[in-house]
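This briefing walks through selected features of the structure shown below, grouped by topic for reading alongside the model.

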Amino acid sequence: MSPLLPPEFADLEPYAGQWCLATEAERFERRMASDMDEMGAFYAAFSPRLEEAIEFCDKYPLDELPDDVAHPLQLIHSLVMVSMAVEVFHQPKIVDAADAVLLRVREPRP
Amino acid sequence: MPRWPKPAEDSWTEHYPELGTGTISFGDSTSPEFYELERDAIFKKAWLNVGRVEDLPRKGSYFTKEIQIANASVVVVRGMDDEVRAFHNICRHRGNKLVWDEFPREESRGFCRQFTCKYHGWRYDLEGNCTFVQQEGEFFDLDKADYGLAPVHCDVWNGFVFVNLDREPSQSVREFLGPMITALDEYPFHEMSERYDFAADNNSNWKVFADAFQEYYHVPALHPQQTPVAVRKPDMGVECAHFQIDGPHRLTTTGGVRRWNLPQEYMYPVEIATRSGLLGPWDAPDIEPLPAGLNPGGVEPWGITNFQIFPNLEILIYGNWYLVYRYWPTSSNTHHFEAYLAFPPARNVRERVEHECAAVMFKEFALQDAGMLGGTQAALETGVVDEFPLNDQEILVRHFHKTVADWVGAA
């Protein structure tokens, strides 16, 4: 299978299959289905490179991101999602959210 | 000791003596009979915000809105003349729901040149005129001019599309909104066209849910994670800088140091890394000048202003972006919740990530409200307790329930 990420981020390829997700709905679902070890490893590997990834993506106009640049952006969005579990709640689920659901029904792409 | 000056009466609540200071009942949020009264007295009388003009980007754009409590389905459309109109979503021939996509009970949106009924193919133009009747000659003296779509009163204020299901609304939308809300005439909502829209079906009365978004007293207890644990203080209080009431509408303003101007330990690493978070992007350009109506209390430093527009609309303005909540009752103990965050369109990936971070953090804490309020509803429905004290920080809750009672009582 060809890599999802450009060569600059080849070391993050092990996380790409799990976390290159185009919608918040998918990213939220993946977070809920992941354990803290998995998310902690992704967080530890990618957080230090967030700024570099943003700068990499920003070499292209936002509305014309090539596929291999859209993937790092999806990974950035996933890092934001995972940060909620790692930094804020220390568990995948939101504390006291019980069975409540809030669906993101419309969002900009990418 | 209060950090912010209170009115001469020593409290915001006593500044509005008609509110009283006694305990209140939440029977209005548990009783199926009261829900029935709200149908006619509120949701068939008040102007209701159903969307924005950005939801109708070009001629022929439409969306439908299910207003279950008013027993109405409404189609809102931008006509060939660019006018926004609303109609009851009912074919005049046999009463079929005219506009729907996959399921008739689900809302739909799109673009069309005309509406065609799925049942017998009658057609209507975007101004609501009946333009085609299949086998017209089979009917008896039928004049298409008599069979246009039933109109719904519709008006636009600063890009917000309102409908009114009353036969003859007693006020225009501007009169209804009044001076405190129309003081936002100059606020450039239209510039914030990048939207993150959310929807939920919640197990609570629409007012029980709205109550949680018109006071900040609950924030330290329910949302302690808004402050990183290292600097979290037990028994930390919250005080709003300003409250104001105008007719059925109300607002509150927060003040004080912006989150991102606090020492770094008061923010999460992801907020520092994205320069965004719970209160939105840090570096977004300021809107200058902000209309005076945004900060009627003259609070310095100004934080956010939370406009509660009767009956079921909230607009929270953070300066250079805003949030909208709408609460659509579906029974005495359920409602459909809509929310969106609106930003000026991102110009690059960095700004898109700022918006994403704000939208993600919004959902985290909104889910805490939604999760808990199902429990509030269930506990209220036991009926064991029916006298509840409200403090001065909860003045807007008090005013909301009084306004609902006044409208129901006046009907």
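Chain B holds an open sheet of 7 strands in the order S1-S10-S9-S4-S3-S2-S5, with antiparallel pairing, where strands pair if DSSP finds at least two bridges between them, and where strands (E, at least two residues) and helices (H or I, at least four) are DSSP runs numbered from the N terminus. This is a predicted model, in which local features need pLDDT of at least 70 and side-chain atom pairs count only at pLDDT 80 or more, while totals for chains, interfaces and linings use all residues. Residues are numbered from 1 along each chain as its sequence is written, and chains are lettered from A and ligands numbered from 1 in the order in which they are written.

**The sheet of chain B**
- The edge strands, each pairing on one side only, are S1 (48-52) and S5 (109-111) of chain B.
- From one strand to the next, the twist averages 25 degrees, with axes being lines fitted to C-alpha atoms and angles running from 0 to 180 degrees between N-to-C directions.
- Strand S2 (residues 61-67) of chain B runs antiparallel to S5(B) and is joined to S5(B) by 3 bridges; Phe63(B) stands opposite Arg109(B) in S5(B).

**The contact between the chains**
- Chain A gives 29 residues to the contact and chain B gives 33 residues, residues being in contact if their C-beta atoms, placed from the backbone, lie within 7 Å.
- On the side of chain A that touches chain B, helix H4 (50-57), helix H5 (67-89) and strand S1 (103-106) of chain A each supply at least two residues, and the largest share, 10 residues, comes from H5(A).
- S1(A) and strand S11 (residues 194-202) of chain B run antiparallel and are joined by 3 bridges, with Phe198(B) in S11(B) as the bridge partner of Arg104(A).

Key: Two residues are in contact if their C-beta atoms, placed from the backbone, lie within 7 Å.
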